[in-house]
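Subject: Structure for you to look at

Hello,

I am passing on the structure that we talked about, and below it I have written down what was found in it. Please keep the model open while you read, so that you can look up each residue as it comes.

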Amino acid sequence: MLNETFPVIFKHRAKEPQLSLPSLSEPVPPSWVSIEDNFYLVYATNLSLLDPMTLLAPDSRVDDGVIYLVLVRSTMRRLEMIHWFIDAAEGGHIGKTGVEVIPVRAFRIDPLQPRDGYMTIDAENVDFGPSQGQILPSKGRLLVSDQKP
């Protein structure tokens, strides 16, 4: 019977997604699509729900490797906006005038006007100005349990 142990070092580095965003001072790559318009709201989310009662990006899945840009242009009529708020749990904004839900892997939001507005990232106030993000698939793990505490 062998009672010896042998030290072994396993070296393994999984292929990790790399951050590939240009600096905010650089132009976006020519392969990116730019949209310039007037917007009431721009959301970037990788979750279907904005909060427990607002279905924002119905096709979004935690593991789909996509960020959904939800664009609400200033062409959305006030009555449609009221209907959206009433039907928020069912994704009431989908199909309304001026609303687009676009799946992307990276984005940049660069407000043109006003120069002083309100901006948040992950519900935290940030300085009003250019912001960008990129999805990095498999960079995190979500562990859940169905057992009650």
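Ser-60 touches Asn-46, Leu-47, Ser-48 and Tyr-68, where touching means heavy atoms within 4.5 Å and residues up to four places away in sequence are not counted. This is a predicted model, in which local features need pLDDT of at least 70 and side-chain atom pairs count only at pLDDT 80 or more, while totals for chains, interfaces and linings use all residues. Residues are numbered from 1 along each chain as its sequence is written, and side-chain values use heavy atoms, with hydrogens and water left out.

Ser-60 sits in the loop between strand E3 (54–55) and strand E4; helices (H or I, at least four residues) and strands (E, at least two) are DSSP runs, numbered from the N terminus. With a relative accessibility of 3%, Ser-60 counts as buried, a word used for residues under 20% relative accessible area, whereas exposed means over 50% and partly exposed lies in between (1.4 Å probe, protein chains only). The side chain of Ser-60 also reaches the backbone nitrogen of Leu-47 at 3.4 Å. That is a polar contact, a pair of N or O atoms within 3.5 Å, of which, within protein, one must be able to donate a hydrogen and the other to accept it, and residues adjacent in sequence count only if both atoms are side-chain atoms.

A polar atom of the His-93 side chain lies 2.7 Å from the backbone oxygen of Leu-56. Leaving aside neighbours within four places in sequence, His-93 is in contact with Leu-55, Leu-56, Val-70, Trp-84, Val-99 and Val-101.

Some of these names return in the largest nonpolar core, whose 7 residues are Leu-56, Val-70, Val-72, Met-76, Met-81, Trp-84 and Val-99. Such a core is a set of buried Ala, Val, Leu, Ile, Met, Phe, Trp, Tyr and Cys residues joined through side-chain atoms within 4.5 Å. Strand E4 and helix H1 each supply at least two residues of this core. A second, separate core has 6 residues, including Leu-69, Val-104, Phe-107 and Ile-135.

What about charged side chains? Side chains of opposite charge can pair when their charged atoms come close. A salt bridge here is a side-chain nitrogen of Lys or Arg within 4 Å of a carboxyl oxygen of Asp or Glu, and by this rule the count comes to 2. In one of them the side chains of Arg-73 and Asp-37 meet, at 2.6 Å from N to O, and this pair links distant parts of the chain, with Arg-73 in strand E4 (residues 67–73) and Asp-37 in the segment before strand E1 (39–45), 36 residues apart. Arg-73 counts as buried because its relative accessibility is 14%, while Asp-37, at 38%, is partly exposed. Glu-100 forms a salt bridge with Arg-73 too, the closest N and O atoms being 2.5 Å apart. Glu-100 lies in strand E5 (residues 99–104) and Arg-73 in strand E4, so this pair ties together parts that are 27 residues apart in sequence. Through shared partners, the salt bridges join Asp-37, Arg-73 and Glu-100 into one network.

Best wishes
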